[in-house]
Amino acid sequence: YSHPHLNNLGESEISLEVEKVHDMIRDLTGREPELFRPPFGEYSNKVIKVLDQKGYKSIQWSIDSLDWKDLSKEEIVNRVIDQLHPGAIVLLHNNGKHTAEALPLIIEKTEALGYNIIPVSELIYKDNYYIDSNSGAQVRKT
């Protein structure tokens with residue numbers, strides 16, 4: 001809701017942040033959100049515990065576009081395209097200065113390289129997985 005450092009908050013404060021943004025998204029879209037990307041990519045067992053209690057799957061990204069640093073359209077596009085890989089999750093911000101300009105070109109180039117753009121929800125394991133403590137990535141248990 002206010003993009004805080006969740007690791008610095010207590011469980012009740014984290015819960016309130018999540019509830020506020022949940023309600024806003026539901027009211028705007030008519031849909032119940034199920035995914036949560038912690039601000040700044042910061043998470044801890046405490047944050048994941050609260051999110052789990054709220055029914056959320058925690059997600060991260062594998063490519064930071066750095067659009068939040070006011071990179072140019074071309075810099076954002078090149079940064080994303082140069083790092084593309086199967087299963088990539090690209091971090092973009094709705095208030096990035098040049099994000100809206102860069103996005104159509106990112107989509108075009110991504111598809112030209114043979115990638116399909118799919119919802120993050122299709123990349124998430126729902127069961128039989130663990131979180132890698134070094135990368136924060138979901139890993140399928142074998």
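Let's start with the largest pocket: 45 residues line it, and Ile59, Ile89, Val90, Leu92 and Val120 lie nearest its centre. A pocket here is an open set of points on a 1 Å grid over the protein atoms alone, where a 1.4 Å probe fits, with protein on both sides within 12 Å along at least five of seven lines; a lining residue has an atom within 4 Å of a point.

Before I go on, the background. This is a predicted model: local features need pLDDT of at least 70, side-chain atom pairs count only at pLDDT 80 or more, and totals for chains, interfaces and linings use all residues. Residues are numbered from 1 along each chain as its sequence is written, and side-chain values use heavy atoms, with hydrogens and water left out.

Back to the largest pocket. Its volume is about 1,600 Å³, meaning the space filled by probe spheres set on the grid points, which are joined across faces, edges and corners. What is the lining made of, by class? It has 29 nonpolar, 11 polar and 5 charged residues. Nonpolar covers Ala, Val, Leu, Ile, Met, Phe, Trp, Tyr, Cys and Pro; charged covers Asp, Glu, Lys and Arg; the others, Gly among them, are polar.

Which elements each supply at least two residues of that lining? Helix H1 (11-29), S1, strand S4 (90-91) and helix H4 (99-112). H4 gives the most, with 4 residues.

Now the fold. The protein chain has 4 helices and 6 strands. These are DSSP runs, numbered from the N terminus: helices are H or I, at least four residues, and strands are E, at least two. From the N terminus on, the order is α-β-α-β-β-α-β-α-β-β. The C-alpha trace spans about 45 × 40 × 30 Å along its principal axes. Of the 142 residues, 28% count as buried. Buried means under 20% relative accessible area, exposed over 50%, partly exposed in between, with a 1.4 Å probe and protein chains only.

Last topic: aromatics. The whole structure has 1 aromatic pair. Phe36 and Tyr56 have ring centres 5.9 Å apart and planes at 75 degrees, so the pair is edge-to-face. The cut-offs, for rings of Phe, Tyr and Trp (its six-membered ring): centres within 6.5 Å; planes under 30 degrees apart are stacked, over 60 edge-to-face, the rest tilted. Phe36 sits in strand S1 (residues 35-36), and Tyr56 in the loop between helix H2 (45-53) and strand S2 (57-58), so the pair ties together parts 20 residues apart in sequence. Phe36 is buried, at 11% relative accessible area. Tyr56 is buried too, at 4%.
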